[in-house]
Amino acid sequence: MANYSVNQKESISSYPCFQLGKSRFDQGTFIGRFRHFLDVIDPSTLFTTKQQLRNAILLLEEYKDGQLPSGVDDQHLWEAQKIKQAIIHPDTGEKVLMPFRMSGMYLECKKCLTYTHLYSGTFSGNYFPKLLLSSS
């Protein structure tokens, strides 16, 4: 009988030592890439308030400056980076609107597909997919 155990390093709730701009999960394995993808499309980031976003950005700036407040651990830093990466565009530095974020896009794409499947016998159901295909 095989003994399957998950060590502390592989636990889903464990937080490795924080590295700014890096993934929390091992990108060299399928499971690590899969967990990173799940982290990126996490819909909970859609409900982040402006104040939470400001706090996350401030915490990461303090980390860069080497002036972390007491009580901040790796978990706080990883969560702050997740919030910032989910909301702030990496090239422009501007806030990305909810429907266009990875977590929002996942939900919006499902709505479009469901719409086209449900209304496939109507004019809009026939026209909409053709419009999408012709635009590419």
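F18 counts as buried because its relative accessibility is 4%. Buried means under 20% relative accessible area, exposed over 50%, and partly exposed in between, with a 1.4 Å probe and protein chains only.

A word on the source. This is a predicted model, with residues numbered from 1 along each chain as its sequence is written. Local features need pLDDT of at least 70, side-chain atom pairs count only at pLDDT 80 or more, totals for chains, interfaces and linings use all residues, and side-chain values use heavy atoms, without hydrogens or water.

Now the overall layout. The protein chain has five helices and zero strands. Helices are DSSP runs of H or I of at least four residues, strands are E runs of at least two, and both are numbered from the N terminus. Along the sequence, the pattern reads α-α-α-α-α. The chain has 136 residues, and 24% of them are buried. Take the contacts (heavy atoms within 4.5 Å) between residues at least 6 apart in sequence. Of these, 55% join residues at least 24 apart.

Back to F18. Where does F18 lie relative to α1? F18 is in the segment before α1. Which residues does F18 contact, beyond its neighbours within four places in sequence? The list is L60, Y63, D74, L77, W78 and Q81. Look at Q81 in particular. F18 and Q81 are 63 residues apart in sequence. Their C-alpha atoms are 9.6 Å apart in space.

W78 is the next stop. W78 sits in helix α3. Buried or exposed? W78 is buried, because its relative accessibility is 6%. Leave out residues up to four places away in sequence, and W78 touches Y15, P16, C17, F18, Q19, K22, S23 and R24. Q19 is 59 residues from W78 along the chain. Even so, the C-alpha atoms of W78 and Q19 are separated by 8.4 Å.

F18 and W78 also belong to the largest nonpolar core. Such a core is a set of buried Ala, Val, Leu, Ile, Met, Phe, Trp, Tyr and Cys residues joined through side-chain atoms within 4.5 Å. How many residues are in this one? Twelve: F18, L53, A56, L59, L60, L77, W78, A80, I83, A86, I87 and I88. Helix α3 gives the most, with six residues. In soluble globular proteins, nonpolar side chains tend to be buried together.

One more core member, A86. Apart from neighbours within four places in sequence, A86 is in contact with T45 and R101.

R33 has its place in helix α1. R33 is partly exposed, because its relative accessible area is 39%. What does R33 touch, once residues up to four places away in sequence are set aside? D26, Q27 and G28. R33 and S23 are ten residues apart in sequence, and their C-alpha atoms are 9.1 Å apart. S23 has already come up, as one of the residues that W78 touches.

To recap. F18 comes before α1, W78 is in α3, and F18 and W78 are in contact. Both are part of the twelve-residue core. R33, in α1, is partly exposed.
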